[in-house]
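Visitor: Please pick one part of this model and take me through it closely. I would like a connected account with the cut-offs spelled out.

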Amino acid sequence: MAEVTGNKEIIKPENLVYTRTKLMTENVLHYCPGCGHSTTHRILAEVIDEEGLQSETIGVCPVGCSVFLYNYIDVDVQEAAHGRAPAVATAVKRLMPDKFVFTYQGDGDLAAIGTAETIHSCNRGENILIIFINNAIYGMTGGQMAPTTLEGMKTATCPYGRDVKLMGYPLKMTDIVATLPGTYYVTRQSVHTPANVRKTKKAIKKAVEYQKQNKGTCFIEVVSNCPSGWKMTPVQANKWLEENMFPKYPLGDIKVPVE
Amino acid sequence: MEKELKLMKGNEALAEAAIRAGADGYFGYPITPQSEILEYLMEANPAETTGMVVLQAESELAAINMVYGGAACGKRVMTSSSSPGISLKQEGITYIAGAELPCLIVNVVRGGPGLGTIQPAQSDYFQATKGGGHGDYHLIVLAPASVQEMADFVELSFELAFKYRNPVMILSDGAIGQMMEKVWLSPQKERSKVVPEWATVGKPPTRKHNIITSLELDPNVQEVFNEKLVKKYNTIRENEVRYEEFQCDDAEYLFVAYGTSARVCQKSVQLARQQGIKVGLLRPITLFPFPYEKIGALADRVKGVLSVEMSAGQMVEDVLLSVNGKVPVFHFGRMGGIVTTPEEVIEYLKLKFLKD
């Protein structure tokens with residue numbers, strides 16, 4: 001039998017190692033267990049809080065699983081049409097240049113229907129942060145093929161696996177936007193281990209700093225999972241992520257500021 | 001400050017009026033016959049004077065979504081386009097209506113369908129007045145019939161848009177946009193510093209976070225929202241009907257026409273009266289809300305009504321509803337970018353009502 005006194009030690013304030021993120025609302029997340037959205041939401045909220053930006057933040061969240069971000073992060077948020085968040089955010093930032101403006105987009109949103117908006121906002125060097133969740137699938141609509149779906153990967157609309165001859169190749173949008181002069185900081189991260197969570201949070205902090213300095217578009221891809229869409233347990237999904245997603249979408253900075 | 005008299009194109013007058021009305025932002029994409037609006041604003045460079053943001057977007061889709069973003073910040077923002085471009089904007093327009101955002105959308109109409117022609121038409125009436133995009137919604141629609149009204153309706157549009165938290169469309173046409181007339185321009189107004197309580201401008205500790213959205217998954221909640229919109233549109237119908245009467249007092253026949261067709265019909269009224277035919281003109285200024293009651297009342301006093309529109313007959317459906325079977329109603333109008341002549345209108349009137 002464990003000593004009861006041991007538990008009392010844990011609840012002492014000085015031993016507290018984790019609490020609810022201050023800017024996360026009381027709403028229960030609708031995300032599936034193990035989904036990377038929850039973690040990414042949390043670290044984004046942490047950064048906004050730690051930087052003291054709650055009253056300065058305007059988020060733009062388009063159609064996709066994360067369209068409900070406004071239910072979870074306690075900042076002003078605009079829901080946007082599918083793919084159009086960078087256009088929406090363009091106007092927000094230009095009309096409110098002192099605010100911290102971010103978009104939070106999925107792969108179907110950012111790399112398929114919103115390709116033009118993504119490319120052109122990056123090309124104009126809009127002074128916004130784009131967070132791009134790449135889980136290689138359409139989660140919200142039930143697991144269809146995304147532009148980032150891997151070759152041979154099975155989804156509801158490529159049930160025999162993605163045949164690149166018929167369906168095109170996985171699109172590496174992050175590498176594309178890194179070639180545009182308007183982007184200032186482009187990086188690819190993940191949130192599937194504590195170490196990676198810390199790296200992604202650090203990347204978001206950098207992007208916040210660069211936006212304050214009016215440096216141009218910051219673009220953070222988070223290579224993430226979709227346990228439900230991939231039909232895996234969270235543990236299986238994270239293993240599959242490492243073995244299959246990372247070879248195609250390798251983690252690390254793609255474009256870093258040259259001082 | 002006094003008003004200033006200038007000779008300008010309709011498109012230019014609208015652009016200049018937007019600066020003077022204190023607009024915060026314009027987002028556009030070139031398309032004939034309205035590209036002068038974006039060109040004029042770029043040359044005027046109001047960023048240096050009033051601080052107004054002017055941006056050429058990568059598409060009409062992007063432009064209308066920029067309007068969404070700016071409007072959601074409580075700013076006075078606008079876009080303009082012509083028919084094919086307005087079709088592209090419909091996605092954004094329905095989101096704007098669904099999120100109840102105030103803004104101005106200008107349609108300098110050209111003939112269609114498809115790429116159609118770059119010449120003037122009035123064939124976007126259904127799209128403008130019955131919604132346009134998906135879902136139950138209405139824009140407030142203003143139809144200018146002169147370069148002066150192209151200018152004046154900008155400020156009126158922003159006023160109505162913010163009064164009702166509703167998008168407003170100026171439904172012009174290629175003729176009004178391209179023609180030059182004298183125009184009295186209002187003095188420069190300061191950009192508004194008022195921040196609407198619903199605007200997403202960053203959450204201060206004193207209020208809950210603001211959310212701009214058109215999404216609701218609970219049908220019971222969505223229905224309540226739909227009912228709220230219906231109520232708003234009914235209030236607009238009660239309060240905002242605008243029209244102009246021209247020689248209606250002793251009229252035996254009535255033209256109903258807006259925009260360029262109203263200008264044509266004004267001449268037709270004069271020519272017909274020289275021939276001893278007593279005709280009047282009712283010009284709807286607001287197409288939504290439509291002056292159903294006024295036209296219905298006039299129908300009690302005339303023998304017939306001719307709806308004149310450069311289309312295959314769109315507004316005539318609302319004229320028929322207004323007249324409600326009291327007297328015969330016909331439609332006349334040229335299509336494909338051809339502007340109807342005053343003589344053609346009279347000939348058609350005679351053909352339909354004075355044959356014997």
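Guide: Let's start at a pair of residues: Val77(A) has Ile211(B), in strand E9 of chain B, as its bridge partner. This is a predicted model, in which local features need pLDDT of at least 70 and side-chain atom pairs count only at pLDDT 80 or more, while totals for chains, interfaces and linings use all residues. Residues are numbered from 1 along each chain as its sequence is written, with chains lettered from A and ligands numbered from 1 in the order in which they are written.

The pair belongs to a parallel pairing of E2(A) with E9(B) (residues 211–212), joined by 2 bridges; strands pair if DSSP finds at least two bridges between them. Strands (E, at least two residues) and helices (H or I, at least four) are DSSP runs, numbered from the N terminus.

Now widen the view to the whole meeting of the chains. Chain A brings 30 residues into contact with 34 residues of chain B, contact being C-beta atoms, placed from the backbone, within 7 Å. On the chain A side, strands E1 (57–62) and E2 (76–80) and helices H3 (85–95) and H5 (115–123) each supply at least two of the touching residues. H3(A) gives the largest share, 8 residues.

By class, the side of chain A that touches chain B has 16 nonpolar, 6 polar and 8 charged residues. Here Ala, Val, Leu, Ile, Met, Phe, Trp, Tyr, Cys and Pro count as nonpolar, Asp, Glu, Lys and Arg as charged, and the others, Gly among them, as polar.

Methods. Two residues are in contact if their C-beta atoms, placed from the backbone, lie within 7 Å.
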